[in-house]
Amino acid sequence: MVVFGQCMAHVHELAQYEPILHRLVEAGKSFLPQAADAAAALASEPFERVCFVGSGALEALRLNPG
């Protein structure tokens, strides 16, 4: 959605958006492995409660321990 929104903001000058897109792709490539490692580390912790922040469909997310 971010890429689409930025692309639409540059719809009349797509050539100027291309370097921005390439930087976003590179940032994503470096961020995703770090985020996966952080998520794995958090998932291994014995937490009893979590807090999710969301909106729209995720606004009323509720988890009940089974």
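Where do Glu26 and Lys29 both lie, and how many residues apart? Both residues belong to helix 2, 3 residues apart, which is about one turn of the helix. The legends below take this pair and its surroundings in turn.

**View 1. Overview of the predicted chain.** This is a predicted model, in which local features need pLDDT of at least 70 and side-chain atom pairs count only at pLDDT 80 or more, while totals for chains, interfaces and linings use all residues. Residues are numbered from 1 along each chain as its sequence is written, and side-chain values use heavy atoms, with hydrogens and water left out. The chain holds 2 helices and 0 strands; helices (H or I, at least four residues) and strands (E, at least two) are DSSP runs, numbered from the N terminus. Of the 66 residues in the chain, 3% are buried. Buried stands for under 20% relative accessible area, exposed for over 50%, and partly exposed for values in between (1.4 Å probe, protein chains only).

**View 2. The salt bridge of Glu26 and Lys29.** A search of the whole structure finds 1 salt bridge, a term for a side-chain nitrogen of Lys or Arg within 4 Å of a carboxyl oxygen of Asp or Glu. The side chains of Glu26 and Lys29 meet in a salt bridge at 3.7 Å, N to O. Glu26 is partly exposed, because its relative accessible area is 48%. Lys29 has 56% relative accessibility and therefore counts as exposed.

**View 3. Packing of helix 1 and helix 2.** Helix 1 (residues 2-9) packs with helix 2 at an angle of about 160°, and their axes are 9 Å apart. Axes are lines fitted to C-alpha atoms, for helices over the stretch in contact, and angles run from 0 to 180 degrees between N-to-C directions.

**View 4. Val25 and Val3.** Val25 is placed in helix 2. The C-alpha atoms of Val25 and Val3 are separated by 9.7 Å, although the residues are 22 apart along the chain. Val25 counts as partly exposed, because its relative accessibility is 38%.
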